[in-house]
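Please read the numbered points with the model open alongside them.

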There are 2 protein chains.
Amino acid sequence: MGLVVQKYGGSSVADAEGIKRVAKRIVEAKKNGNQVVVVVSAMGDTTDELIDLAEQVSPMPAGREFDMLLTAGERISMALLAMAIKNLGHEAQSFTGSQAGVITDSVHNKARIIDVTPGRIRTALDEGNIAIVAGFQGVSQDKKDITTLGRGGSDTTAVALAAALDAEVCEIYTDVDGVFTADPRVVKKARKIDWISFEDMLELASSGSKVLLHRCVEYARRYNIPIHVRSSFSGLQGTWVSSEPIGDKQVEQAIISGVAHDTSEAKITVVGVPDKPGEAAAIFRTIADAEINIDMVVQNVSAASTGLTDISFTLPKTEGRKAIDALEKNRSGIGFDSLRYDDQIGKISLVGAGMKTNPGVTAAFFEALSNAGVNIELISTSEIRISVVTRADDVPEAVRAVHTAFGLDSDSDEAVVYGGTGR
Amino acid sequence: MGLVVQKYGGSSVADAEGIKRVAKRIVEAKKNGNQVVVVVSAMGDTTDELIDLAEQVSPMPAGREFDMLLTAGERISMALLAMAIKNLGHEAQSFTGSQAGVITDSVHNKARIIDVTPGRIRTALDEGNIAIVAGFQGVSQDKKDITTLGRGGSDTTAVALAAALDAEVCEIYTDVDGVFTADPRVVKKARKIDWISFEDMLELASSGSKVLLHRCVEYARRYNIPIHVRSSFSGLQGTWVSSEPIGDKQVEQAIISGVAHDTSEAKITVVGVPDKPGEAAAIFRTIADAEINIDMVVQNVSAASTGLTDISFTLPKTEGRKAIDALEKNRSGIGFDSLRYDDQIGKISLVGAGMKTNPGVTAAFFEALSNAGVNIELISTSEIRISVVTRADDVPEAVRAVHTAFGLDSDSDEAVVYGGTGR
């Protein structure tokens, strides 16, 4: 008998009907002979409503109490789901993160899982129950306070439980059919990916793909837990994310997995920086001290006549104000002429392990953008990813052009072959 | 420095404004030099909304999961209350029933508190925090499952914590000014009681007064914890419930504490029962086996000609159907002619420890009812209470007549003096 962990997001359990539909699905998995552990998020808008209440009583809610508040959301959905399953004649028990043994550090609102001790889950399974576990939450190791895991936390809970219980698979149920070669809202011909490696999925996740978060995929890779991303509204196979293709279906690794885009970033250019050792360090120490994560960095060639250069970097728009303030505050320490802030940028990334062995991918990528009339402002690459920054307005056209150029459109059956030199 | 336990009901924290108002009140108590523990119920209609959701997914929700669901309500209110207090510049931490050490038996939906181990609360207080505790909930000793305490559970939580922490007082904040000599909706001249003994309060609670439940008063009496029932909407002194009058204000024990009424009961008459030993036992064993609590019982004098008698008893209307079914099912075992069911009855009770030493109270009570033209159907007495059953329609007039006759109306300053014989 296999052990399966299933995770259902808030949109899948948005109301009583959704909960009953999901309950049927869970019972199917149990009837197929599996032990089933279900991780569930808060219903639909519950979390937003709770946040709204918190803001009404306090402009800056304390982390510990905010976590206590938010965890009420999963408590409601998991209890209802257990009831709905029992109503179908199967045994079910719900468990909070704390009861399920999800042990975290003490960083409220974005705690990290440091251990999972699922003794009560194991017992419940051995007694024939379906175990329903609250996603997104845990209990801190030192103070025994309730914590939440931050964005994407329920997916991480599911993968962590799958690892601790040595599950065969972690099924992530969502409102889309799986991971696509591009955002289907932008590229109508985007194709569902049948299988993708952890590495490519990590790059897609950090490049703007929102189906799975980086953190959850990283956890799954570390413990080698296959993830199956699929729709809770259909019975279709979704996307398998694993180290190697699963089962008897032999999937050949695509050269290119997909095209991701991200318009949530802004660009800051520090103008007129003296071109001498330690300048970049001064800038990025200032940013790091403000606890801001940056993404891409480019330093221009300095003008020989002035000995000054410009340094540009990208960062989440939400951190823009904080970064500008931090830099201005340290202007004399760093030494620069001015700051330019640009939040009308977009990032397009091409991801695929095949890049490593297929020269010419970079050239083909730039050609596709050039043919679409898209100007490139910044470039950054990893072994299996190329990213460029363009005007935000150009993003949809650029993504479509690249998707077509690399043969990812759903009506073409084979990827194009790349030749030539370079990359 | 004293330790005060305050309890706020759902109507006091119905919305963000209510939570902020209550937070100010709590901070006042802290500023007055007290250590403060606050027990809070779920906000306004939250519990009803959760019950409604449960009914949508399952007609008979399992007890364990139902408790898990309902406890989300206090989790929300207590976290918000802690945030609101911190926003006023004072330290506060919220605790679930489990974290607060409220240990119960395993009877879901109506668990009983069997121990309170408030180690975390004590620590939080010693660190200067106001401790906010979820009312109505605990954790079962054997299975470590979340339980709820049933109706009035938050009051019981407050009294139990007050006992475990050796508090000076347990303040129960509600939407009325205290305990009145009669229900002010029925008797306009009802007077707020300044002090009442545990014993009289117990009798009032079991006779239909809804301000405090029997269970909570019983707990307070056992551990000798003074209760102060007062309004969260005003700064007025409310009603003190304790073994002896509190503080320097010497309150003389009233002969009569108040008049309670109850129209939630029905009367069942078992007609034509053979007047021989074991008959009443057979009837009440049948009722007890159906887990129905009965209140008053009367057996008529049997008619010599037939050797048959009638037995009447009262019970909650909600249990009526079940009782009739149980008796009908066991008709041959018991042996009776027919059953009469009457749900148009009301009960009026006069409560006061002074009865013990003031003969004539019973006579004056019956005279008042007679003068008001109220017919009495059943009578039952304890040492400090007389109750009668009348037609439900007669209840308001009967309560007013008795209230006036015993000098309880707010414009008369002294209780009437009873003379004569009897009781």
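Predicted model: local features only at pLDDT ≥ 70, side-chain atom pairs only at ≥ 80, totals over all residues.

1. A residue is called buried when its relative accessible area is under 20% and exposed when that area is over 50%, with partly exposed in between. By this rule A:Phe284 and A:Phe313 are both buried.

2. A pair in chain B has another geometry. B:Tyr8 and B:Tyr173 are stacked, with their ring centres 4.5 Å apart and an angle of 10° between the planes. Because B:Tyr8 lies in strand E1 (residues 3-8) of chain B and B:Tyr173 in strand E9 (residues 169-174) of chain B, this pair ties together parts that are 165 residues apart in sequence. Both B:Tyr8 and B:Tyr173 are buried.

3. How much area do chain A and chain B bury between them? The value is about 3,300 Å², of which 64% is on carbon and sulfur atoms. A:Val57, A:Arg75 and A:Met83 supply 23% of the area that chain A buries against chain B, more than any other three residues. The contact itself takes 41 residues from chain A and 41 residues from chain B.

4. On the side of chain A that touches chain B, the elements giving two or more residues are helix H1 (16-31), helix H2 (46-57), helix H3 (63-70), helix H4 (72-87) and strand E3 (92-95) of chain A. H4(A) gives the most to this side, with 11 residues. By type, the residues of the side of chain A that touches chain B comprise 24 nonpolar, eight polar and nine charged. The number of salt bridges between the two chains is two. In a salt bridge between A:Arg120 and B:Asp145, the closest N and O atoms are 2.8 Å apart.

5. B:Leu69 is located in helix H3 (residues 63-70) of chain B. This residue counts as buried because its relative accessibility is 0%. Leaving out residues up to four places away in sequence, B:Leu69 touches A:Arg75, A:Ile76, A:Ala79, A:Leu80, A:Met83, B:Leu50 and B:Ala54. B:Arg64 also lies in helix H3 of chain B, and at 11% relative accessibility B:Arg64 counts as buried. Beyond its neighbours within four places in sequence, B:Arg64 is in contact with residues including A:Gln93, A:Phe95, A:Arg120 and B:Asp145.

6. Why does the bridge between A:Asp145 and A:Arg64 tie together separate parts of the sequence? The closest N and O atoms of this salt bridge are 3.1 Å apart. A:Asp145 lies in the loop between strand E7 (137-140) and strand E8 (146-148) of chain A, whereas A:Arg64 lies in helix H3 of chain A, so the pair joins parts that are 81 residues apart in sequence. A:Asp145 is buried, at 6% relative accessibility, and A:Arg64 is buried, at 11%. A network of salt bridges links A:Arg64, A:Glu65, A:Asp145 and B:Arg120.

7. B:Arg400 and B:Glu397 meet through their side chains at 3.7 Å, N to O. Both lie in helix H13 (residues 395-405) of chain B, three residues apart, about one turn of the helix. In an α-helix there are 3.6 residues a turn, so residues three or four places apart point the same way. B:Arg400 counts as partly exposed, at 35% relative accessibility, as does B:Glu397, at 39%.

8. Among the buried residues of H7(A) are A:Phe198, A:Asp200 and A:Glu203. After H7(A) comes A:Gly208, whose phi is positive, near 120°.

Conventions
Residues numbered from 1 in each chain as written. Chains lettered and ligands numbered in written order. Heavy atoms only, no water. Contact = heavy atoms within 4.5 Å. Buried area = accessible area lost by both parts, 1.4 Å probe. Salt bridge = Lys/Arg side-chain N within 4 Å of Asp/Glu carboxyl O. Helix = DSSP H or I, 4+ residues; strand = E, 2+ residues; numbered from the N terminus. Nonpolar A, V, L, I, M, F, W, Y, C, P; charged D, E, K, R; others polar. Buried < 20%, exposed > 50% of the residue type's maximum accessible area, 1.4 Å probe, protein only. Phe/Tyr/Trp six-rings, centres within 6.5 Å; stacked < 30°, edge-to-face > 60°.
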